[in-house]
Amino acid sequence: MGYIIQRLGYGYLVMATNIYQETLMNKDQIKGRAEEVKGKVKEAAGVILDDKGMEIEGNIQKNVGKVQSGFGDLKEDVKKKIDDD
């Protein structure tokens with residue numbers, strides 16, 4: 001279990017993340033999922049603080065993380081396929 005700490009105004013938001021998977025995850029999967037979570041936190045903070053720029057930035061960060069983790073998933077699928085053959 002990992003923890004992501006995001007500074008929000010005068011306080012901190014701590015979000016527990018569970019990035020455990022049955023097999024080890026590659027670097028792209030881990031970094032992508034971390035970016036996705038950070039983007040979600042930033043997006044939520046933007047909504048709470050009524051900061052449209054932060055909200056948009058968080059949304060972009062979240063989607064970039066999704067793409068990166070998807071690329072990592074694809075790499076793992078290809079690796080498994082090669083190992084199975």
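Does K75 count as buried, partly exposed or exposed, and at what relative accessibility? At 37% relative accessibility, K75 is partly exposed, where buried means under 20% relative accessible area, exposed means over 50%, and partly exposed lies in between (1.4 Å probe, protein chains only).

The model is predicted: local features need pLDDT of at least 70, side-chain atom pairs count only at pLDDT 80 or more, and totals for chains, interfaces and linings use all residues. Residues are numbered from 1 along each chain as its sequence is written, and side-chain values use heavy atoms, with hydrogens and water left out.

The protein chain contains two helices and two strands, arranged β-β-α-α from the N terminus on. Helices (H or I, at least four residues) and strands (E, at least two) are DSSP runs, numbered from the N terminus. Of the 85 residues in the protein chain, 27% are buried. The chain exposes about 6,300 Å², with carbon and sulfur atoms supplying 58% of that area; accessible areas come from the Shrake-Rupley method with a 1.4 Å probe, and for residues only the protein chains shown count as cover. Among contacts (heavy atoms within 4.5 Å) with a separation of 6 or more, 46% are between residues 24 or more positions apart.

A salt bridge is a side-chain nitrogen of Lys or Arg within 4 Å of a carboxyl oxygen of Asp or Glu. By this rule, seven salt bridges are counted. Side chains of opposite charge can pair when their charged atoms come close. One of the salt bridges joins the side chains of K75 and D28, at 2.7 Å from N to O. This pair links distant parts of the chain, since K75 belongs to helix α2 and D28 to helix α1 (residues 27-48), 47 residues apart.

Within helix α1, E35 and K38 are three residues apart, about one turn of the helix, and their side chains form a salt bridge of 2.8 Å, N to O. Both are partly exposed, E35 with a relative accessible area of 24% and K38 with 30%. In helix α2, K52 and E55 are likewise separated by about one helical turn, being three residues apart; their salt bridge has an N to O distance of 3.9 Å. K52 is exposed at 55% relative accessibility, whereas E55 is partly exposed at 22%.

Helix α2 (residues 52-84) also contains V64, which is partly exposed at 49% relative accessibility. V64 and G39 are 25 residues apart in sequence, with a C-alpha to C-alpha distance of 8.8 Å.
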